[in-house]
Each structure stands twice: as C-alpha cells, then as structure tokens.
Amino acid sequence: MTTALAERSRRIATRVARTTSALHDGPAPELPPHRELARRELAAYASRIHLTDLVREHGSPLFVVDVDRVTTQLLALRRELPEAQIHFATTSLPHPAVIRAVDAFGASFGVASRGEIDLLEREGVAIGRCLHANPVKSVADITGAYLRGIRTFVVDRPDEVAKFRGLASDYSVLIRLSFPNPRATADPSSSFGIAPEEAGGLVEHCLRAGLRVSGFTFHVGSQTVSAAPWVHAIRRTLALMRRLEHAHGIRFDTLDLGGGFPVEYDEPVPSLGELARGIRAALSAAPRRYRIIIEPGRFVAARAMTLVTRVVGTADRLDGRWAYLDEGVDGAYANIPAEDVHALVFAGSELDVQPPADETGERATRRLRDHRREPVTLAGPTADGVDVVARRLPLPPLAVGDLLLSPMMGACTATTAAGFNGIAPTPIVVVPS
Ligand SMILES: Cc1ncc(COP(=O)(O)O)c(C=O)c1O
C-alpha cells in the first residue's frame, strides 16, 4: 500500500470509529433522544414530500434536494444576523436549483474556482456581487475571475499580491486572517490566513502594490458550536482594523465573518439564535459604516439534501452483522473521511419509507414491528476495506433491498464523492414544489 493510501485508510478508520464509540459489544444501547427526534422529523418530512414515490421513480441511491429548505435556512440567518450580507459558500452544494434559490432570496455567493463562476454565470447570477474567497489562486484564475466581473478577492500572503499586477484598479481585496480552532471538524485556519500580528505588514505590502484593502475575513472553523471563536476573532479583527486605519490614514469598509455555522448530525448543536446573540454583541463595537458579510455553506446546504441508499448484500462476520449499501465513504458519505461529520442513518422501515416492491416493504415492516434492533456495520459498495459508513449501529434487522435514509446530507457530500471503483455519482433529484 502506498503511503497516501495507508494514510487515507487510517484517517477513515479513525473517523468511522467516532460513530462507533458510543456503541459497545453486547446488547444494543438505548437510542439517544436526539436520534428519536430526528427520526420523527424525517418520517414526517418523507411523508410530506412523498419520498417513496421519488424512490419508485428514480431508484436508489438517490439524493433528494429541497430548495424550500435552502430558503428556510437563509431566512433563519437573516432573522438572527439581520445586518449581515449573506454570501452562500457555493462549494458546499453547487447545484443549479440551490443556486437559483439563493439568488432568488437575494443573497450572494462566495466562489473558490473558475468552475463555480461558470455555474453561477449559467444560472444568471450577477457575478459582480460575488466574492472570490479562495486566498491562493493562479494569475489566470485571478484574471479570468476579474474579466467575468469579480471585484472582491481574498489574499493572505505577500506572494499572492504580486499576481494582481496589471489589473485595473476597480477591485479590492480582503485580508484573510487565521484564528486556529482545533475543536472545529475542519479548521481552515490550518491551511489559510495570516496571523493577526503579521497582518499589518501584509496591508502595507498591498498598499505599496496599489491594491485597495477593503477589510478582513476569517473562518473560525466548520461546525463551530460556540459563539466564543467568532467573538474572539471579531474583537481582535476590529482592534486590528482600528489600529491600521489610524496608522495609515485609511478606512476599511468590510468585515467578513466567514462560515462555520453548525447543523445537527449525530449530536445536538446550539441553536443559531444562541450563537448569533454572541456574534451580534461582539459586532456592536464595529463602526456602522462596515459592511458585515457571512459565508455560510453547511448551514444552508446540509438540511437541504436527504440521501436514500439500499442494502445490496448482508453478511455475518466475526464482529457481527454487516450490511453493504449502494453508497459509501467514496461516494455520498465522503463527508465522513473528509470532515469527520456523521449523519444519522435510519432504516426506511423506521420511517415508513418502503422499497417499491410491496413484498420487500412488507417484510421490512414486519421486522420493525418486532421492535428488535441489532448492531450492524454499514459498508459501502466499493471493494475497499475502509469503505465503512458506521460500525455497530443499532438498527432494525436489515435485508437485501431494504432502504436506508440519512438527513443533513447536503454539505460537501455530492461534491466530494470520488467515484472510486468506477461507481457513478448518485443522482440528485429536486423535490417538486
Ligand atoms: C472561505 C470559506 N468560506 C465559507 C465556507 C463555508 O464554511 P461552512 O460550510 O463551515 O459554513 C468555507 C468552507 O468551505 C470556506 O472555505
């Protein structure tokens, strides 16, 4: 095995293990209330959107995307952070229907690549309002993005500044700051951003190169479950902005708080309202003229997509029962190794979502009526030993043909799927309105 493959296996094994940690050998433990609440919500939702009909029509595996949920999440952000301009992080779910919903809501976009600008252009989005949030780009990327209308870029190091040479002067840059957050599931500050104490030097470098610095941006880390990292980052950034405005006689106009707003996977998270209270209090010290930006990805996208998979095989192995699904960590569940997030998995029979073949559905219903649960390891469809979605999950007994559902599957799932073993990407259907 190459070092890269060995590292990938280790990473996946560690991350799947978290799903397992609450489950021990022996009888299946009592299910947590969070799971039961999520089950009830998903069962009601599946019935409302006629999920069984969608599976009958489109088969499985299947992603079901619901743009109404995109709008609901955007409304929640607008209610809790009314001063903030929303730039949806396109990367998290670059689906045309989602882009149209975000655009129709009146929010804008953060982009990270040429491909994302292509998509937004195709959907008729005003590119001039979008923000290029990737701090490291090629000269061709910068020139291309500029020619297509982007007027706000992000930089985090002097080398990047030189790449803007030759562009007209009708654009500005935000300086990306680093605020490490080891508790976040994915901490972008480990790859991007300049330490606040070094940022003054970078601002001077930009000014000498003729770039207009409109302000600062940071990302406190994905799935951040307390307001404290934002509060700390906002306070430090505002102090830095005050000091630099005074020192250089300049006026900034933008403070971008990034993404990181969390959603409930296998554990409850604090409400947006609770986080926003802390954020709003910290922002009250910002000058009124500052434009506040947020770049939510997961918070907008995750709830919008539900995954349906099917059992394609079962086995009794030394460590117990296994069920093999038509989706795994190289596909739709790529968020497990990539981000260490663990969507809940429900048997269709727990939700009254049955496979189309009546007979199989009846069998599944009978098994559920037993109220029995047995620990089962869920594996993906590849011939890859680390393609394990969850170990020893207490589920109703599963048989070939049974359906499984995972909610909260919109963020960094379809986009990060690798197509390993030549397995085709899972189709995405839009819930009819
Ligand atoms: C620059 C930037 N902004 C926003 C986001 C969205 O972050 P989250 O999904 O945690 O809201 C990301 C992550 O992809 C990012 O890299």
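Pro196, Glu197, Ala199, Gly200, Val203, Glu204 and Leu207 of helix H9 contact Arg236, Leu240, Leu244 and His248 of helix H10, contact meaning heavy atoms within 4.5 Å. By class, this contact has six nonpolar, two polar and three charged residues. Ala, Val, Leu, Ile, Met, Phe, Trp, Tyr, Cys and Pro count as nonpolar, Asp, Glu, Lys and Arg as charged, and the others, Gly among them, as polar. The model is predicted; local features need pLDDT of at least 70, side-chain atom pairs count only at pLDDT 80 or more, and totals for chains, interfaces and linings use all residues. Residues are numbered from 1 along each chain as its sequence is written, and side-chain values use heavy atoms, with hydrogens and water left out.

H9 spans residues 196–208 and H10 residues 228–248. Helices are DSSP runs (H or I, at least four residues), numbered from the N terminus. The two axes come within 11 Å and cross at roughly 40 degrees. Axes are lines fitted to C-alpha atoms over the stretch in contact, and angles run from 0 to 180 degrees between N-to-C directions. The crossing of H9 and H10 is right-handed, the near helix being turned clockwise from the far one by less than a right angle.

Helices H4 (residues 67–80) and H11 (residues 272–283) have axes that come within 9 Å and cross at roughly 35 degrees. Ala76, Leu77 and Glu80 of H4 meet Leu272, Gly273, Ala276 and Arg280 of H11. Four nonpolar, one polar and two charged residues make up this contact.

Cys412 is buried at 18%. The disulfide count is zero, with a cut-off of 2.5 Å between paired cysteine sulfur atoms.

Key: Helices (H or I, at least four residues) and strands (E, at least two) are DSSP runs, numbered from the N terminus. Buried means under 20% relative accessible area, exposed over 50%, partly exposed in between (1.4 Å probe, protein chains only).
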